[in-house]
Structure formats: structure tokens, C-alpha cells
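Please look over the sequence and the model shown here before reading on.

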Amino acid sequence: MNILITYHNGLFARMGGSRSNDWILTTLARFAFAAVLLRFFWASASTKLDGLFTLSIGAYAQILPKKFESLGYDPSQLSFLDTLIVLAGTYGEFILPLLIVVGLLTRLASVGMIGFIVVMSIVDVTGHGVDAATFGAWFDRDSGSLILDQRLLWATLFVTLFLKGAGPISVDRVLRIT
């Protein structure tokens, strides 16, 4: 058994220490985000705009569903703060993913995306009333729930980028942002 352990440890020691392989992890995390989630977030953000600076009715309905319904779907009845929240959420859905893909201010953008996912999940549950199957459960045999399962995987990408940074193929590296 000691021979197997020694062989195992020697093999993986030759592959490099944890710091020397960080570039693979960070580059893969940013690639996975770009390949799987970038268009998801941009498509979602696009539904919230009627023009470059004009929010659609759908933006308010998606981000503040119960409040907007209680006001008869009239955006003029929303407070300045409500409008600011909807604007921040909409433009955050464009800007934060872009920052991650190009690797600019990646750690901050990752924290922003984690917050975005948390808020999005809370709104889905409290505002849109998702059912139990959509919400899902951890440690079950179904790995496809939209809230708990998928968003945990999304958040794992962002936690990785927050802890490790953008990696060598990034604007952060060019600007020496750590």
C-alpha cells in the first residue's frame, strides 16, 4: 500500500504544485462561464430593455414582480429607488459577465455575480413562486433543479475566480491587478 501511495504522490507532485496549476483552473472557469452562461445572462438582460437606456415593462415585472403587480403594472408608480434597482440589475447582467469573460476586475465581478445569483434566486422563490421541483434539493439523485443545483454550480465558478483571480489570459494580468 505504501508503494501505491508513494507512486500516487510522486506522480501528482511532478504535475506541479497547486499554484503552478492555477492558470488551468482560472482559465477553465472563465471559459466555462463564457461557453455556458454568458449568452444566458445577456439574453435575460436584453429582455429588460426597449432601447439602450429604456427599461421594458418586463424588466420591472422580472425584478420586482409583486410590487409591480400591486401597482397595476404602472412603472410611473415605482419609486426612484425601485427604478435604480431595476437599472442596476439590468446593466449588471450585461457588465458583470463581460468583465469576467475579458478578465477585468474579475474578483469584484465574481462577487457581484454571486450576489446577483443570490438575489435572482430569492426573487424567483418569493416573487415568482417557483415550485418545489424547480427549486430542487441538494443531495438528491436529480441534478437538474434550476435553483439549488444549477446555481450552486454557477456560484462555484465565481468563488473559484474570486479566490484565484482571472489567470494569465486576462486584462487583469496585463494591468497587474491581483
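## Surface patch, salt bridges and pockets

On the surface, L105, L108, V174, L175 and I177 form a nonpolar patch that has about 470 Å² of accessible area together. A patch here is made of residues with over 30% relative accessible area and no salt bridge, where nonpolar side chains (Val, Leu, Ile, Met, Phe, Trp, Tyr) are joined within 5 Å and like charges within 9 Å. Accessible areas come from the Shrake-Rupley method with a 1.4 Å probe, and for residues only the protein chains shown count as cover.

The model is predicted, and local features need pLDDT of at least 70, side-chain atom pairs count only at pLDDT 80 or more, while totals for chains, interfaces and linings use all residues. Residues are numbered from 1 along each chain as its sequence is written, and side-chain values use heavy atoms, with hydrogens and water left out.

L108 is found in helix 7, where helices (H or I, at least four residues) and strands (E, at least two) are DSSP runs numbered from the N terminus. L108 counts as exposed because its relative accessibility is 62%; the word exposed stands for over 50% relative accessible area, buried for under 20%, and partly exposed for values in between (1.4 Å probe, protein chains only). L105 lies in the loop between helix 6 and helix 7, and with a relative accessible area of 36% it is partly exposed. L105 also has a positive phi of about 50 degrees, although it is not a glycine. A positive phi, near 60 degrees, is found in R176 as well, again a residue other than glycine. R176 lies in the segment after helix 10, and at 74% relative accessibility it counts as exposed.

### Salt bridges

Side chains of opposite charge can pair when their charged atoms come close. How many salt bridges does a search of the whole structure find? The search finds three, a salt bridge being a side-chain nitrogen of Lys or Arg within 4 Å of a carboxyl oxygen of Asp or Glu.

| Salt bridge | N to O distance |
|---|---|
| E93 and K48 | 2.8 Å |
| D82 and K67 | 2.7 Å |
| R151 and D124 | 2.8 Å |

In the salt bridge of E93 with K48, the closest N and O atoms are 2.8 Å apart. E93 lies in helix 6 and K48 in the loop between helix 3 and strand 1 (49–51), so this pair ties together parts that are 45 residues apart in sequence. Both E93 and K48 are buried.

The side chains of D82 and K67 meet in a salt bridge at 2.7 Å, N to O. Because D82 lies in helix 6 and K67 in helix 5 (residues 65–70), the pair ties together parts that are 15 residues apart in sequence. D82 counts as buried at 6% relative accessibility, whereas K67, at 40%, counts as partly exposed.

R151 and D124 meet through their side chains at 2.8 Å, N to O. This pair links distant parts of the chain, with R151 in helix 9 (residues 148–164) and D124 in helix 7, 27 residues apart. R151 counts as buried at 10% relative accessibility, and D124 is buried with a relative accessible area of 16%.

### Pockets

On a 1 Å grid over the protein atoms alone, a pocket is an open set of points where a 1.4 Å probe fits, with protein on both sides within 12 Å along at least five of seven lines, and lining residues have an atom within 4 Å of a point. Grid points are joined across faces, edges and corners, and a volume is the space filled by probe spheres set on the points.

The largest pocket holds about 460 Å³ of space. Its lining is made by 19 residues, of which K48, I63, F116, V119 and M120 lie nearest its centre; K48 is also the salt-bridge partner of E93. Helix 6 gives the most to this lining, with six residues.

The second largest pocket has a volume of about 330 Å³. It is lined by 19 residues, and K164, G165, A166, G167 and R173 are those that lie nearest its centre. Helix 2 (22–36), helix 7 and helix 10 (171–175) each supply at least two residues of that lining.
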